[in-house]
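Here's a quick tour of the holes and the charge pairs in this one. Have the viewer open while you read.

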Amino acid sequence: MAHSATTAHGGPGPTAHGGPGEDRTRRDFLLYATSAVGVAGTALALWPFIDSMNPAADVLALSSSEVDLAPIAEGQSVTVTWRGKPVFIRHRTAEEIKAARDVNPGEMPDPQKDEDRVQKPEWLVLVGVCTHLGCIPLGQKPTDMKGQFGGWFCPCHGSHYDTSGRIRLGPAPANLAVPSYTFQSDTTIRIG
Amino acid sequence: MRRFVVSVLSAAAFAVSVSALPPAASASEGAHLEKQKWSWSGLFGSYDQAALKRGFQVYNEVCANCHSLKLVAYRNLAEIGFGEDEIKAIAGVKELEDGPNDQGEMFTRFAKASDHFVPPFKNDQAARVANGGALPPDLSLITKARLNGPDYVYNLLLGYKDTPPADVTLMPGMSYNAVFPGSQIGMPPQIFDGLVTYADGTKATPEQITKDVVTFLNWAAEPELNARHGMGAKTLIFLLVLTALFYALKRQIWSDVH
Amino acid sequence: MSAPASRNKLVKWIDDRLPVFTLMQHSAIDYPTPKNLNYWWNFGSLALFVMIIMILTGIFLAMNYTPHTAHAFESVERIMRDVNYGWLLRYLHMNGASMFFLVVFIHIFRGLYYGSYKNPREILWWIGLLIFFSMMATAFLGYVLPWGQMSFWGATVITNLFSAIPVVGQSIVTWLWGGFSVDNPTLNRFFALHYLLPFVMFALVFIHLWALHTVKSGNPLGIDVKGPQDTIPFHPYFTIKDLYGIGLLLIVYLYFVFYAPNFFGEPDNYIPANPMVTPPHIVPEWYFLPFYAILRAVPDKLFGVILMFASILVLFLLPWLDTSKVRSARFRPIYKQLFWLFLIDCLVLGYIGAKPPEGGYVLVGRIATIYYFAHFAFLPILGWIERPRPLPESISAPVIKGGAAKMMEKA
């Protein structure tokens with residue numbers, strides 16, 4: 001194996017001229033292989049740090065809530081907490097369902113059919129956060145203002161929601177969000 | 001290459017031999033501990049799933065009457081092999097205080113999967129009153145909170161003698177156990193043949209019961225162990241490869257200096 | 001310097017305004033390093049590597065830790081059980097502390113053996129000692145945070161030491177505690193300081209490297225670099241050698257993290273702190289044991305504290321205590337033996353520190369403490385009476401001689 005003379009610099013090694021071509025490709029291969037494994041290792045090492053910032057197991061455990069619907073009488077609304085936000089559950093009356101379905105799509109800033117917003121027509125489940133700037137609309141309590149459309153009214157900037165939770169009047173751009181939920185039985189739902 | 005192998009092997013040997021040393025005992029220990037073979041020791045060790053389930057049964061039926069397990073949540077039992085409904089059922093028989101409700105009152109409700117294990121006593125003082133002044137320690141970390149934890153707990157549970165030696169005067173309410181520091185322990189012997197009827201039909205000898213409950217308790221203290229060992233094996237193998245590559249590259253780069 | 005033209009333009013634009021690239025080129029690439037460094041010279045970069053891991057893991061742990069006595073222990077257990085990879089972050093941080101001290105102790109002993117503290121490296125040595133001080137303070141503060149039995153009682157014992165100071169001692173202790181015993185105010189401020197000190201350390205490391213680059217690295221022969229024939233550029237020779245060293249370190253470090261994570265720890269710290277119950281034996285972490293042994297060797301409280309601090313302060317005086325003109329122990333036959341005896345003495349002190357202060361341990365501890373200081377007291381005399389071996393002419397000289405002989409054999 002040829003020795004290059006010990007020069008003042010000593011030579012930078014892998015990219016040095018001199019030495020047979022075969023030697024140089026072997027040199028480069030080792031450098032590339034090591035770099036590749038090293039970079040891969042660093043990336044794998046960084047993942048736990050990044051993932052540690054994702055929701056922890058105890059947070060995820062609270063990411064779904066079960067609600068017993070049996071105590072909620074027709075015409076009544078309850079508010080439950082889910083993922084730190086209020087969820088409105090309303091046991092709708094026949095009139096409220098009819099009012100929700102008897103609407104011309106043209107009258108809605110965010111057109112959506114009521115049938116697409118409920119699984120069972122008498123149970124309306126909404127995230128109770130105004131889509132404008134995040135206030136909690138009034139309308140859950142019997143004494144609350146419900147706005148012009150019998151649903152909810154946001155006191156912050158005057159958004160009116162109807163009996164399907166759709167925005168009808170006011171600055172809010174979208175209907176109240178419907179969270180994902182499933183019926184565990186006829187009288188219990190799991191939200192999230 | 002030879003020097004590299006020697007250096008890695010000596011680094012590894014250093015690590016292994018140092019960690020195989022008995023931990024520096026700073027206190028005078030109790031009786032000599034008979035070391036057991038635990039399924040989770042060694043480079044590829046992991047928990048015996050069946051033993052975990054049996055051990056949980058022992059904890060739940062026997063130990064939980066006095067010892068809390070506050071750091072474990074019912075949802076963690078999924079790692080032992082319980083299904084969602086089974087966990088709900090296990091949690092659902094326990095009551096805990098919650099509130100205040102809209103009337104401003106505290107109320108009791110049944111435990112959910114997301115709750116931590118409900119302790120048998122409201123607080124330490126109540127626990128002492130119920131146990132003759134002694135406080136049954138929480139068991140969530142017991143195998144890490146004692147020197148040679150798993151062996152200590154195993155030997156302790158089986159270490160009771162019917163009659164203490166002649167030179168020992170038992171204080172009232174205490175039992176003789178040479179493994180416990182001071183030899184007198186407030187907990188009466190708990191492990192008997194047939195203490196539980198195992199759901200999987202295993203014969204419930206004292207040794208079996210104790211082995212299973214210690215396995216469960218070690219899981220309670222170190223639930224991450226299976227993942228830790230798995231990741232450890234992969235990481236160390238990866239590092240051996242990477243370090244070998246570094247060494248080869250080093251030799252190559254230095255070849256014009258040496 | 002064969003970068004494509006476009007990169008050179010951008011590089012030059014930045015460099016003209018803030019010479020980071022020139023700095024990197026000068027300090028980390030071209031930096032002339034003695035070609036005869038052995039592996040004992042890896043430990044500085046290893047210490048830097050471990051320090052970065054400690055800061056990184058520490059920051060991510062701090063995202064989930066609560067510095068309140070009612071929540072601290074639980075928050076650590078939450079990290080262990082619920083936070084994704086929380087157990088890994090915690091065990092990396094816990095064992096990283098032990099690795100940090102292991103690496104730094106070896107780094108210091110390298111300095112003792114090869115005379116790295118001698119002219120012109122006195123200030124480099126002093127900065128290093130300041131870093132060591134910061135490390136010890138940071139480690140002490142950090143150990144309190146999990147709020148286990150050892151956390152609480154270790155904090156109580158060590159803060160109580162300051163009461164030995166005459167007149168103002170107890171007021172200082174009360175001031176440190178923020179109360180009448182170690183309690184929540186203490187824990188909270190310890191957390192703040194534990195977060196702060198590593199960044200002070202970072203600055204000290206920067207100055208340490210600055211001092212190093214001013215006087216340049218020592219070498220195993222202890223003789224000065226005579227010219228460019230004695231040195232090679234830091235990159236790629238020592239970058240790759242340091243990477244190899246890091247690989248070896250990681251194997252040892254991660255073996256502990258994954259397979260023996262509580263080896264360096266105390267089981268008692270898995271019991272939540274109880275101010276009403278003192279553990280039968282209060283033991284500090286292993287890296288404090290030699291100093292703990294010195295502290296307990298003296299029956300008088302104040303003198304014990306003074307001697308404990310003196311054991312580190314004496315190191316500041318070392319460049320002047322050691323009067324020998326020869327740096328490396330390789331050429332100092334008597335000093336070499338004394339070095340090994342000193343190392344054994346430190347290990348004995350460490351062993352004693354873990355034992356209860358009873359029986360034979362007390363006598364051994366006292367002898368070892370006396371020997372520790374006697375070693376330093378003897379050094380001025382040693383420099384005077386020792387006959388060193390003849391030093392080689394230069395760093396290159398012995399290499400060329402041996403190399404030439406080998407080449408002639410092969411030919």
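A cavity here is a set of points on a 1 Å grid over the protein atoms alone where a 1.4 Å probe fits but cannot get out, and its lining residues have an atom within 4 Å of a point. Grid points are joined across faces, edges and corners, and a volume is the space filled by probe spheres set on the points. This is a predicted model, with local features needing pLDDT of at least 70, side-chain atom pairs counting only at pLDDT 80 or more, and totals for chains, interfaces and linings using all residues. Residues are numbered from 1 along each chain as its sequence is written, chains are lettered from A and ligands numbered from 1 in the order in which they are written, and side-chain values use heavy atoms, leaving out hydrogens and water.

**Cavities**

There are 4 cavities of 30 Å³ or more.

Among the residues lining it are B:Tyr59, B:His67 and B:Lys94.

**Salt bridges**

Over all chains, the structure holds 25 salt bridges, each a side-chain nitrogen of Lys or Arg within 4 Å of a carboxyl oxygen of Asp or Glu. Here are some of them:

| Pair | Closest N to O |
|---|---|
| A:Arg92 and A:Asp114 | 2.9 Å |
| A:Asp114 and A:Arg101 | 2.9 Å |

What about burial? A:Arg92 and A:Asp114 are both buried (under 20% relative accessible area; exposed is over 50%, partly exposed in between, with a 1.4 Å probe and protein chains only). A:Asp114 has 1% relative accessibility, whereas A:Arg101 is partly exposed at 33%. C:Arg78 is also partly exposed, at 24% relative accessibility.

Finally, A:Glu66, A:Arg190, B:Glu84 and B:Lys88 are linked in a salt-bridge network.

Conventions:
On a 1 Å grid over the protein atoms alone, a cavity is a set of points where a 1.4 Å probe fits but cannot get out, and a pocket is an open set with protein on both sides within 12 Å along at least five of seven lines; lining residues have an atom within 4 Å of a point.
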